[in-house]
Every structure is written in structure tokens, then in C-alpha cells.
Amino acid sequence: MPDNHVIVTIKERHSCRDFTDKIVTPEQIHQILDASKHTPSSTNMQPWEVVVVTGEAKKKLDSALLDAFDTQVPPNHEMSAYLEKWEEPFKSRRFECGVGLYEALGIGRKDKETRLAQTRKNFNAFGAPAVLIFYMDRILQEGSLFDMGLFLQTVMLSAQSLGLATCAEASLVAYSNIVKEMFKIPKEKRLIIGLALGYRDTKSPVNTYRTKREPVEKFTRFFS
């Protein structure tokens, strides 16, 4: 059975780590968010809030985050996806992801300087012309984080359907104090994640890399 267009869009989406400087229009971003507002949420709470950063504001954000990274300011995430102690199978999957990414770039394991330069690119959203910052009220519980994940996925798939590329990035909210102050986000709000948005550089080797996924049979049990 051939895949329909929704399934094709899901399968074609990937984390883009090199963008062109082609501008994403306000109309495109509004269209993406207008579609994504239909994401389901528990009791229709719609916990998501978004800051859209483009143009001069994006340049200012890039400068502030890169300066913090370059001067080794300790990050102050308000949410982390990482484990304090990495256990299997997550440890191996994370390692494989990193190894594959650097291999696609032709960066050796001992080339610390080039690895650091690649890591640094996270903090200007890999050159994307637009960044979206996702946050929600701090009083909300874990179920609302689930809703936020659904919303983020809808945003990424909506962008993919318009021929745009994305990369969800914890790095963009790693310095939460900088982001909150710059965009006047109240302390009662919790930064969740940032999203790079733009046009994929199709000539960049890093954009040829794809992570491996486990077969359905490995993460699913069927009963009938």
C-alpha cells in the first residue's frame, strides 16, 4: 500500500542543520501556526505560547547566545531532555546519533576544535532566518508538556508540508535568562524548546544525515 501525503511528510521531515539565508515570510509562519493551533490538548487547555524571532531580532539573539557560549557561561535550562546518568538503550542511541552526524561532516573523533565549531552553530540556529521559542505557564503539569510536544510536532510537519525545514533545539533556550529578558517573557513562564525554521541547504553534507529508527516490532506488542 503506497504512503499517503501525510505519511510521506512525516517520513521526510528531519532535523536540518544547515539553512540558506532565504527569508521565511510572516505569512508562511502565520499559516503554520494557524494550522498548528488545531493540535489537541487535555481539556482544550492549549498550553502553548510562542515567540517568533526574525530579522534584526534574530541577529540580536544570535549574538547574545553565541557570546554566552564563547565565554563559557553555564547554561540554565528550565527543562532538560538529558539523563544525569546515561543507561541503555538510550546511551547507545545517543552515541550512534553523534557519531553518524560527525561522520557525515567528515569530522574526526579527535578533532576537538572542529567539533566545537560545529556545536557552536546550534546557538545561531544553524543559520536559519527564523527561530520560534516555545514556552508555557509554569503552573502546568506533565500532561501539558505532552501537549506541547504534540504542538511542536504539528508545527514541524506543517512547515515540512510548505517546503520548509526545521530543527528542534534545546540549545536555543539553554540560556533562559537571556531569552526571557530579550523577549520580555515573564518569570511565571517556563521555556520548553526552540525551533530553527527556514530553507534546507540541499548542498550541505550534514543535511544528508538521517538517524536510524527502531522497527515497529521492537517497540510494540500486539494482542488479538
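Q: Okay, axes are lines fitted to C-alpha atoms, for helices over the stretch in contact, and angles run from 0 to 180 degrees between N-to-C directions. Within how many Å do the axes of helix α1 and helix α6 come?

A: Within 9 Å, for α1 (residues 5–12) and α6 (residues 142–161), and they cross at roughly 105 degrees. This is a predicted model, where local features need pLDDT of at least 70, side-chain atom pairs count only at pLDDT 80 or more, and totals for chains, interfaces and linings use all residues. Residues are numbered from 1 along each chain as its sequence is written, and side-chain values use heavy atoms, with hydrogens and water left out.

Q: What do we call that arrangement of α1 and α6?

A: Roughly perpendicular, the label for 65 to 115 degrees. Helices here are DSSP runs (H or I, at least four residues), as are strands (E, at least two), numbered from the N terminus.

Q: And which residues make the contact?

A: On α1 they are Thr9, Ile10 and Glu12, and on α6 they are Leu157, Gln160 and Ser161. Contact means heavy atoms within 4.5 Å.

Q: New topic! How many residues has the largest nonpolar core?

A: It has 28, and Leu61, Ile133, Val179 and Phe183 have the most contacts inside it. Such a core joins buried (under 20% relative accessible area) Ala, Val, Leu, Ile, Met, Phe, Trp, Tyr and Cys residues through side-chain atoms within 4.5 Å.

Q: Which element gives the largest share?

A: Helix α3, with 5 residues. Elements supplying at least two core residues each include α3 (55–70), β2 (130–137) and α7 (176–182).

Q: What does Leu61 touch?

A: Setting aside neighbours within four places in sequence, Leu61 contacts Val53, Val131, Val179, Met182 and Phe183. Apart from this core lies another, of 20 residues, including Leu132 and Ile193.

Q: How many aromatic pairs are there?

A: There are 5, counting rings of Phe, Tyr and Trp (its six-membered ring) with centres within 6.5 Å. Trp48 and Phe151 are stacked, because their ring centres are 4.5 Å apart and their planes at 5 degrees; stacked means planes under 30 degrees apart.

Q: Where do Trp48 and Phe151 sit?

A: Trp48 is in the loop between α2 (26–36) and β1, while Phe151 is in α6, so the pair ties together parts 103 residues apart in sequence. Both Trp48 and Phe151 are buried.

Q: What about the rings of Phe69 and Phe123?

A: They are stacked too, since their centres are 4.8 Å apart and their planes at 25 degrees. Phe69 is in helix α3 and Phe123 in the loop between α5 (112–120) and β2, 54 residues apart.

Key:
Parallel < 35°, antiparallel > 145°, perpendicular 65-115°, else oblique. Buried < 20%, exposed > 50% of the residue type's maximum accessible area, 1.4 Å probe, protein only. Phe/Tyr/Trp six-rings, centres within 6.5 Å; stacked < 30°, edge-to-face > 60°.
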